[in-house]
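Reader: Could you walk me through the pockets of this model, with the cut-offs spelled out as we go?

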Amino acid sequence: MDSTAATSLASLWDQVSGTQPDPDLWVVIATMVAALAVIVPHGVWRVSRNAITIAHEGGHGLVALLTGRSLSGIRLHSDTSGLTVSRGKPTGLGMILTASAGYTAPPLLGLGGAALLGLGRITLLLWLATALLVAMLVMIRNAYGALTVVLTGGTFLVVSWLAGPQVQAAFAYAVVWFLLLGGVRPAFELQAKRSRGGAGDSDADQLSRLTHVPAGLWLFLFHAVSLCSLLGGGRWLLGR
């Protein structure tokens, strides 16, 4: 019995940590087009942006924990806004890093995902994403947020367990393209809101109060991270 279990675990580990062949170039391009199709149209973006919010708030939460803060909970709302509450020193490097992790998390996750896909680690990417979503679910504090994370994590789980290699590859590439391309739009949306006098308590404004650096410079940082991640990640995804 123990030998069979050990063999099964070893086989599972080999499957997760092993490499898979790259999909055809047309699949990579098709998944990029599919990602754009759920990002560019405003009506569709109002729904698909929920996934970016998961990554945004997850970034806040993860960095809060990594910097020694206590994570109280995460809320995701139907208007695609979110709130991550952590406890600790209200100023200092930990708070600055936590506040800056939101807008930078989706594109950086996309960049990391593109690196894994560039190495042929398609299954590993899917399993890591599932694990992160399960860990995040523990910290969700409202019903809508829990539903959103469960549906997203369930999709990853189903694809990881039941789908064939070609479907897994297409799904993984579509997700990474979505994070890279979708990670660009929120910073422009925030800039537009601030130009109209709105979003006075945005991440950029909180960072400005914490660091005495103008919010506009923090917005520039958000733009730089998202665009550089898109260029670097896209190069990995399209590289042959």
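Reader: Which residues lie nearest the centre of the second largest pocket?
Author: His56, Glu57, Ser81, Gly82 and Tyr103 lie nearest its centre, out of 34 lining residues. A pocket here is an open set of points on a 1 Å grid over the protein atoms alone, where a 1.4 Å probe fits, with protein on both sides within 12 Å along at least five of seven lines, and lining residues have an atom within 4 Å of a point. This is a predicted model, in which local features need pLDDT of at least 70 and side-chain atom pairs count only at pLDDT 80 or more, while totals for chains, interfaces and linings use all residues. Residues are numbered from 1 along each chain as its sequence is written, and side-chain values use heavy atoms, leaving out hydrogens and water.

Reader: What classes make up that lining?
Author: The lining of the second largest pocket has 11 nonpolar, 14 polar and nine charged residues, where Asp, Glu, Lys and Arg count as charged, Ala, Val, Leu, Ile, Met, Phe, Trp, Tyr, Cys and Pro as nonpolar, and the others, Gly among them, as polar.

Reader: And the largest pocket, what does its lining hold by class?
Author: The lining of the largest pocket has 33 nonpolar, 11 polar and no charged residues.

Reader: Switching topic, is Thr53 buried or exposed?
Author: Thr53 counts as buried because its relative accessibility is 6%, and buried means under 20% relative accessible area, with exposed over 50% and partly exposed in between (1.4 Å probe, protein chains only).

Reader: What does Thr53 touch?
Author: Not counting residues up to four places away in sequence, Thr53 touches Leu76, Thr80, Ser81 and Gly82, with contact meaning heavy atoms within 4.5 Å.
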